[in-house]
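Please work through each task before reading its solution.

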2 protein chains.
Amino acid sequence: MREVPVKTSRRAELLTLSANLFAERGYVSTTVRDIADAAGILSGSLYHHFDSKESMADEIITGFLDELFGTYEEIVAADHGPRETLEAVVAASFDSIHRRPAEVAIYQNEAKHLMQLPRFDYLNQRNAEFRKLWNTILTDGVRDGVFRADLDVELVYRFIRDTVWVAVRWYNPEGTLSASDVAKQYLGILLDGIAKR
Amino acid sequence: MREVPVKTSRRAELLTLSANLFAERGYVSTTVRDIADAAGILSGSLYHHFDSKESMADEIITGFLDELFGTYEEIVAADHGPRETLEAVVAASFDSIHRRPAEVAIYQNEAKHLMQLPRFDYLNQRNAEFRKLWNTILTDGVRDGVFRADLDVELVYRFIRDTVWVAVRWYNPEGTLSASDVAKQYLGILLDGIAKR
DNA sequence: AAGTCTCCCTAGCAAGTGCTTGGTAGGGTA
DNA sequence: TACCCTACCAAGCACTTGCTAGGGAGACTT
């Protein structure tokens, strides 16, 4: 009934491997032969583990999004104020960039194209969830007088969303700058601006 | 000696067309047959106008970057203060998103991969120029007391760069929100933050 | 009238694409 | 002994990729 560890181990290994390749070279530019080469097997052998190249990407993205939104739900459930919630969500996002850079990169770079396939319909749902999350935080914050009243909430949402995720392009998990450092710096700019008082 | 208008017209037509396709579907996913179909000709006929698919992308990106950096140079040459320069550069960038969304999208999405080809070495140079531009503006601003002293200039540069360009993903040139509207909102957040005083 | 140039077509090639097939070595289970 | 499982290989199929060779119709130039 339970999955045997050994079975999932090889799958997970191959998924991690292909996630890195997808992130580096892009989904379409990564061939099944590339993946197989990296794994030290032949391309046909991949199809013992997976139905298709597409299903590999699916599994990678699904796993990532499930974990990410699990974290978001915990934060929202904690039910702190808008500002604390915003800070926690931003911190959690940068943390996911730190821990799963490949998955974030794939989500960033390939989602737009994959979303068009029926199989990846859930990406649209996740986007809607994400948008709702941010709109709630920002709207609550404006209502409570924590955020400026003249904000275009929809626009601010887009700015935050894009700015946070796009950091995956330059963030180095092994670098001296930690994810929480980046989050603090970013929140400093976002909340108080770069202009001197 | 001079190029005949008709000659460049057809080229320009095909370039605009392929730029749109590259932006929508991505460079690798756009086939020469896709481009030819959109132009109403056969794929082989494209090679009367261009050496290769790669040279089409090259010409598109080069044209865009030359224009963009021309504008930047004018702004820097005007030699206003750091804050005004920053505002002008941001405004010019959003304006280029408005006028050439396809080119910006291509630059955003494909530069990373194209840069690895010797032919596209100039992308690295342009990146260096861009970085220098922003570092100068920010460093000068900190020196003059216009920007906060505790800024990590390198980090702020990355945030601004990415945030501005990534807007091409959602900005709609035909929408109600103009490029200067977006620039104003963005500068409001960047300079003064979203938190209420 | 002859030549040249632009723009396109017909037809195809070599290299690569995702994926399928039949088969096998090694291990565990009854 | 008989059976099944996991993980893989060898070979190749149908199709797509960027690109090429050679030619032809029409407009312009000389």
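**Exercise 1.** Determine how many residues surround DNA strand C and which elements give two or more residues to the surface near DNA strand C.

*Solution.* In this predicted model, 17 residues surround DNA strand C, and the closest are Thr31(A), Gly44(A), Ser52(A), Ile41(B) and Gly44(B).

**Exercise 2.** Carry out the analysis for DNA strand D: state which residues are the closest and where the largest share of the surface comes from.

*Solution.* DNA strand D is surrounded by 17 residues, the closest being Ile41(A), Gly44(A), Thr31(B), Gly44(B) and Ser52(B). At least two residues each are supplied by α1 (5-25) of chain A and by α2 (32-39) and α4 (53-78) of chain B. The largest share, 3 residues, comes from α1(A). By class, the surface near DNA strand D divides into 5 nonpolar, 7 polar and 5 charged residues.

**Exercise 3.** Describe the contact between chain A and chain B, and identify which element gives the most to the side of chain B.

*Solution.* Begin with the totals: chain B contributes 29 residues and chain A contributes 29 residues. On the side of chain B that touches chain A, α8 (153-166) and α9 (179-192) of chain B give two or more residues. The element that gives the most is α8(B), with 7 residues. The residues on this side of chain B comprise 15 nonpolar, 7 polar and 7 charged.

Technical notes. Residues numbered from 1 in each chain as written. Chains lettered and ligands numbered in written order. Predicted model: local features only at pLDDT ≥ 70, side-chain atom pairs only at ≥ 80, totals over all residues. Contact = placed C-beta atoms within 7 Å. Helix = DSSP H or I, 4+ residues; strand = E, 2+ residues; numbered from the N terminus. Nonpolar A, V, L, I, M, F, W, Y, C, P; charged D, E, K, R; others polar. Near = placed C-beta within 6 Å.
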